[in-house]
Each structure stands twice: as C-alpha cells, then as structure tokens.
Amino acid sequence: MWRNLRIIFLITLVLLLLSGCMSKAQKKAIYDQAIPIAQQYMKDNFNADVIFSDYYEINDPMNSEIVLYGHMVGDESATFSIGIDHQTFKVNNVGGSSKVMDRYVEPDQTNKSSTENTKK
C-alpha cells in the first residue's frame with residue numbers, strides 16, 4: 001500500500017516538474033513583451049501590419065519559446081505563427097499561409113534591433 005502511494009507521489013512530482021510552474025501572470029507578462037517584438041519583426045521582414053489573437057502557447061520548459069498566432073490587417077485568411085524565445089526575445093521562426101510568406105523581404109541590415117531585443 002505505502003509503496004503504491006510513494007510511486008503515485010513520485011509520478012505526480014515528476015509531472016509537475018516537467019509541465020513547468022509558470023503562473024498566468026508570468027505568461028501574460030511574456031506575451032505582453034513578445035507582441036511588440038513580433039509586430040516589428042513582421043513589419044520589417046514581411047512588410048505587413050498584423051493583428052495577434054489572444055491565443056498563444058508557451059512551450060516551457062521544453063524549449064523556452066512563446067508561439068503567437070495572428071493574421072494580416074484587413075485579411076483574416078493571411079494567417080501566421082511566430083515563435084520567439086522568451087528568455088532572449090529573439091525570433092526563432094515564422095510560418096504561415098502563402099499570402100504572408102510570399103511577402104518576405106530581406107531585413108535591413110542596419111536595423112537589426114527588432115530581432116535582437118533583449119529581455120529587460
């Protein structure tokens with residue numbers, strides 16, 4: 001009996017540690033900091049004004065990334081997702097519909113700040 005309780009306790013403890021213990025306030029703070037970085041990145045690299053949904057994913061502790069979802073202003077079918085490392089706030093990847101991805105432009109090398117913001 002005690003052996004079973006110890007096993008259940010250890011499994012519960014491991015699951016809690018693996019799932020991360022980030023509060024809703026911490027997640028919201030990361031989201032609020034990532035939004036302007038993502039907006040500037042999309043403007044610089046895709047020449048697009050974008051709107052983000054309230055839905056986002058924080059993949060922590062696996063890879064310390066927040067994934068934001070959104071669409072271009074005026075075209076809800078031009079959807080995309082953008083992954084940002086929430087420790088360094090650098091953009092990791094962007095994916096989306098062809099309406100967005102076909103707009104990619106080479107970033108201006110003199111203006112690297114939009115993708116190299118650091119956590120303040």
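Which pattern does the protein follow, read along the sequence?

**View 1. The whole chain in a predicted model.** Read along the sequence, the pattern is α-α-β-β-β-β-α. The protein has 3 helices and 4 strands. It contains 120 residues, of which 30% count as buried. The accessible surface comes to about 8100 Å², and 56% of this belongs to carbon and sulfur atoms. Among contacts between residues at least 6 apart in sequence, 47% join residues at least 24 apart.

**View 2. A nonpolar patch on the surface, formed by Met1, Trp2 and Leu5.** Together these residues have about 440 Å² of accessible area. Trp2 lies in helix H1, which covers residues 2-19. Trp2 counts as exposed because its relative accessibility is 68%, and the cut-off for exposed is over 50%.

**View 3. Helix H2, residues 24-46.** This helix of 23 residues reaches 31 Å from its first C-alpha to its last. At Ala34, H2 bends by about 25 degrees. A proline, Pro36, follows within four residues of this bend. After H2 comes Asn47, which has a positive phi, near 50 degrees.

**View 4. Buried residues of H2 and their cover.** The buried residues of H2 include Ala34, the site of the bend. Others among them are Ile30, Tyr31, Ile35, Ile37, Ala38, Tyr41, Met42, Asn45 and Phe46. Their cover includes strands E1 (50-59), E2 (65-72), E3 (75-85) and E4 (91-96). Helix H3 (98-101) is also part of the cover.

Conventions:
Residues numbered from 1 in each chain as written. Predicted model: local features only at pLDDT ≥ 70, side-chain atom pairs only at ≥ 80, totals over all residues. Heavy atoms only, no water. Patch = residues over 30% accessible without salt bridge, like charges linked within 9 Å, V, L, I, M, F, W, Y side chains within 5 Å. Areas by Shrake-Rupley, 256 points an atom, 1.4 Å probe, with all protein chains shown as cover. Salt bridge = Lys/Arg side-chain N within 4 Å of Asp/Glu carboxyl O. Helix = DSSP H or I, 4+ residues; strand = E, 2+ residues; numbered from the N terminus. Buried < 20%, exposed > 50% of the residue type's maximum accessible area, 1.4 Å probe, protein only. Expected span 1.5 Å × (residues − 1). Bend = angle between axes of the 7 residues up to and from the residue. Contact = heavy atoms within 4.5 Å.
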